[in-house]
Amino acid sequence: MVRRFLAGKETRVAQSTIPLDAESVSRRIRELGVRDVGVASIREIKRMVDLIEADSGQAFVRMEMGIPGLPPMREGVEAQIKALRDGVAAIYPDIQGIEPLKREIARFVRLFLGVTVDAEHCIPTVGSMMGAMACFMTLNHTWASREGTLFIDPGFPVQKMQCRVLGQGFRSFDVYDHRGPRLGPKLESMLADGKVSSILYSSPNNPSWICFTDEELRTIGALATKYDAVVIEDLAYFAMDFRKPDAKPGRPPYQPTVAHYTDNYVLLISGSKAFSYAGERIAMMVVADALWNRRFPDLKRFFASDQLGHALLFGAIYALSSGTSHSAQYALAAILEAVNDGKVDFVSAVKEYGEKARIMKRLFVENGFDIVYDKDLEEPIADGFYFTFSYPGMSGGQLLAELFRYGVSAITLAITGSQRTEGLRACTSLVRREQLPVLEERLRRFREDHRRG
């Protein structure tokens, strides 16, 4: 028996074996009101797994949540503690951000992207989720005649949810079959009717882990300029294409970015993954100088000013949160200062994700699974924060429900805008090294049971 303490009461949970009872797993799914796990959200899946774990006493190999699994950077922790002791918790932060952080963001962008931007146009946000929401609230109101966002998929499903709750339209396409020289014609076909206000993608990509080349980014930038759409470039996994040389301040090669090829861009740079500072919900929004100062008369329908930067800051961000955690801003400023000064190699610290991905992909393939997004143009896909897999003869929803019985969780590619609905996305971050033999044994058992039908 396994003892657990819930709400102050001791309970006993029977120690079960793999595979778990199918009816018990199905019952928990039904109780959450989920008719098809194939379209369940990430947070719904997390809740399902929490409940199944509690029922069975069996710890899952959890791959559904993109939560960083490394210790936070010491420089950030110490700076945040000092800020709290200095009393910043008693003071509202300015919504534009503290000056030390704004300066270090601008410096970081110059040193690691090769892009120069005014520090005034560098804004801290409550995670990149808030940054994306503020972008949709502002950029998709720049033209009354336009519909909304073009998502270059597959992508993070919650960003589409944000558009839905704002009542905004969007369109999307799976980019995997439109790479290289095929990207331009496909992208232009989606922009040609003039209805798109913004374009969003991530690179490295969540969930496929493909990385756009400079030539592809040049294509995106040129078409964004031609059709006057703003690119929202989600750099949540900054410099985490581990096939490339480690990023060094002020030395190329830089992180590839569309900012080299258009003035119509907003960069979202997360503090969660590359800097392992997820719990404080801190990120950076960087707006091109030319875009910040542009005026869009249609913004006056919703905001006091038609200048985009003013509307974004004093309209959207003010309405969303009145700023970003005061102490967390000091943490991120200290992290960036150490990185910018070359005192901390932030890329080396997160290579553990790539190492685990390499091992985990091998375990899946050896046990009869396929890697869905296996190529990045002509190269093998990089090992990183995510990878994708499928099992012959099963849809993504069927595979996910069945893997629950074997104590393994993930999310379906169907909710990411992927056309590869047979696949699942696995995140490497929360899988501990000591769990890898457990994963191997469960995948082996899965294969044996399903070979027998």
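Predicted model: local features only at pLDDT ≥ 70, side-chain atom pairs only at ≥ 80, totals over all residues.
**Entry 1: helix α3**

I looked up helix α3 and found Gly-76, Ala-79, Gln-80 and Ala-83 as its buried residues; buried means under 20% relative accessible area, exposed over 50%, and partly exposed in between, with a 1.4 Å probe and protein chains only.

Residues are numbered from 1 along each chain as its sequence is written, and side-chain values use heavy atoms, with hydrogens and water left out.

Helices (H or I, at least four residues) and strands (E, at least two) are DSSP runs, numbered from the N terminus. What sits on the face of α3 turned away from its buried side? I found the exposed residues Arg-74, Lys-82 and Arg-85 there. The cover over the buried residues of α3 includes α11, where contact means heavy atoms within 4.5 Å.

I also checked the length of α3 (residues 74-85): its 12 residues should span 16 Å at 1.5 Å a residue, and its end C-alpha atoms are 17 Å apart, which agrees. The expected span is 1.5 Å times one less than the number of residues. Just after α3, I noted that Gly-87 takes a positive phi of about 100 degrees.

**Entry 2: Asn-340**

Next I went to helix α11 (residues 326-340), which holds Asn-340. Is Asn-340 buried or exposed? Asn-340 has a relative accessible area of 4%, so I wrote it down as buried. Its side chain makes a polar contact of 2.8 Å with that of Glu-104. Such a contact is a pair of N or O atoms within 3.5 Å; within protein, one must be able to donate a hydrogen and the other to accept it, and residues adjacent in sequence count only if both atoms are side-chain atoms. Leaving aside neighbours within four places in sequence, the contacts of Asn-340 include Arg-107, Phe-108 and Pro-249.

**Entry 3: the sheet of seven strands**

I then traced an open sheet of seven strands, with mixed pairing and the order β4-β10-β9-β8-β7-β5-β6. Its edge strands are β4 and β6 (169-174), each pairing on one side only. Two strands pair if DSSP finds at least two bridges between them.

How enclosed is strand β10 (residues 283-287)? Five of its five residues are buried, so β10 is largely enclosed by the rest of the structure. Ala-283, Met-285 and Val-287 point one way from β10, and Met-284 and Val-286 the other way. Strand β4 (residues 122-125) pairs with β10 in the antiparallel sense over four bridges, and Cys-122 has Val-286 as its bridge partner. Strand β9 (residues 265-270) is also antiparallel to β10, over five bridges, with Leu-268 opposite Met-285. By contrast, strand β5 (residues 148-153) and β6 run parallel, joined by six bridges.

Helix α4 (residues 99-113) lies across β4, β9 and β10, at about 110 degrees to β4. Axes are lines fitted to C-alpha atoms, for helices over the stretch in contact, and angles run from 0 to 180 degrees between N-to-C directions.
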